[in-house]
Structure formats: C-alpha cells, structure tokens
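Hi there,

Here is the structure I promised to pass on to you. Please open it next to this email and follow along as you read.

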Amino acid sequence: MSSPPPFRPKDFEERCETCNAPPGQLCHAWCDTGYTAGDARADTERRDAQRDAKPPAP
C-alpha cells in the first residue's frame with residue numbers, strides 16, 4: 001500500500017473521502033486517509049511559529 005499524496009490547502013476545505021469527517025476536523029479513529037492528530041499538531045505549531053515570528057526589519 002502506498003502512502004497518500006501530500007496535503008494541499010484545498011484539502012482542508014473538503015470532507016474526508018473515506019469517513020466523511022467535516023473540513024478541517026480530525027477523521028474518525030478507523031480512518032487512515034484524512035486529517036490526523038499529527039496534522040492538527042503540525043498546523044498548530046506552524047500557526048504559533050508564524051504568530052511568534054518577528055516582523056522583518058525595515
């Protein structure tokens with residue numbers, strides 16, 4: 001079994017094809033194709049890093 005393709009921004013605007021989880025929500029525990037807790041954690045870390053980043057010097 002090959003790994004799923006990388007996520008695209010528009011993937012988070014669509015329901016999961018396998019378990020029909022709402023956009024941007026974690027998939028059901030049995031689902032192996034959609035948004036996972038790891039994805040949510042990475043998204044949170046990315047948002048925190050962007051928020052905490054200092055603006056560029058003028």
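**What I found**

Of the 58 residues in the protein chain, 16% are buried. Please keep in mind that this is a predicted model. Its secondary structure comes to one helix and zero strands. The chain exposes about 5100 Å², and carbon and sulfur atoms supply 55% of that area. Among contacts between residues at least 6 apart in sequence, 15% join residues at least 24 apart.

**The cysteines and the core**

Which residues make up the largest nonpolar core? There are five of them: Cys16, Cys19, Ala21, Cys27 and Cys31.

Start with Cys19, which counts as buried because its relative accessibility is 9%, and the cut-off for buried is under 20%. Leaving aside residues up to four places away in sequence, Cys19 touches Cys27, His28, Trp30 and Cys31. Two of those names, Cys27 and Cys31, also belong to the core.

How many disulfides does a search of the whole structure find? The search finds zero. A disulfide needs the two sulfur atoms within 2.5 Å. Cys27 is in no disulfide either, and its nearest cysteine sulfur, that of Cys16, is 3.6 Å away. Cys27 is also buried, because its relative accessibility is 15%.

Cys16 itself lies in the segment before H1. With a relative accessible area of 13%, Cys16 is buried.

Now look at Glu17, in the segment before helix H1, which runs over residues 37-52. Is Glu17 buried or exposed? Glu17 is exposed, because its relative accessible area is 81%, and the cut-off for exposed is over 50%. Glu17 and Thr33 are 16 residues apart in sequence, while their C-alpha atoms are 8.0 Å apart in space.

Asn20 is found in the segment before H1 as well. For background, most residues other than glycine have a negative phi. Asn20 counts as partly exposed, at 48% relative accessibility.

**The salt bridges**

Side chains of opposite charge can pair when their charged atoms come close. How many salt bridges does a search of the whole structure find? It finds three, and here they are in turn.

- Asp43 and Arg46: this salt bridge has its closest N and O atoms 2.8 Å apart. The two side chains are also joined by a polar contact of 2.8 Å. Asp43 is found in helix H1, and because Asp43 and Arg46 are three residues apart in that helix, they are separated by about one helical turn. Asp43 is buried, with a relative accessible area of 15%, whereas Arg46 counts as partly exposed at 46%.
- Asp48 and Arg51: these side chains meet in a salt bridge of 3.3 Å, N to O. Both residues lie in helix H1, three residues apart, or about one turn of the helix. Asp48 is partly exposed, with a relative accessible area of 30%, and Arg51 counts as exposed at 59%.
- Arg51 and Asp52: the closest N and O atoms of this salt bridge are 3.2 Å apart. Arg51 is exposed, and so is Asp52.

What do Asp48, Arg51 and Asp52 form together? Salt bridges that share partners join these residues into one network.

**Where to look**

For a quick tour, begin at the nonpolar core, where you can find Cys19 and Cys27. Then finish with the network of Asp48, Arg51 and Asp52.

Conventions. Residues numbered from 1 in each chain as written. Predicted model: local features only at pLDDT ≥ 70, side-chain atom pairs only at ≥ 80, totals over all residues. Heavy atoms only, no water. Helix = DSSP H or I, 4+ residues; strand = E, 2+ residues; numbered from the N terminus. Buried < 20%, exposed > 50% of the residue type's maximum accessible area, 1.4 Å probe, protein only. Core = buried A, V, L, I, M, F, W, Y, C linked by side-chain atoms within 4.5 Å. Contact = heavy atoms within 4.5 Å. Polar contact = N/O pair within 3.5 Å; in protein donor to acceptor, adjacent residues only side chain to side chain. Areas by Shrake-Rupley, 256 points an atom, 1.4 Å probe, with all protein chains shown as cover. Salt bridge = Lys/Arg side-chain N within 4 Å of Asp/Glu carboxyl O.
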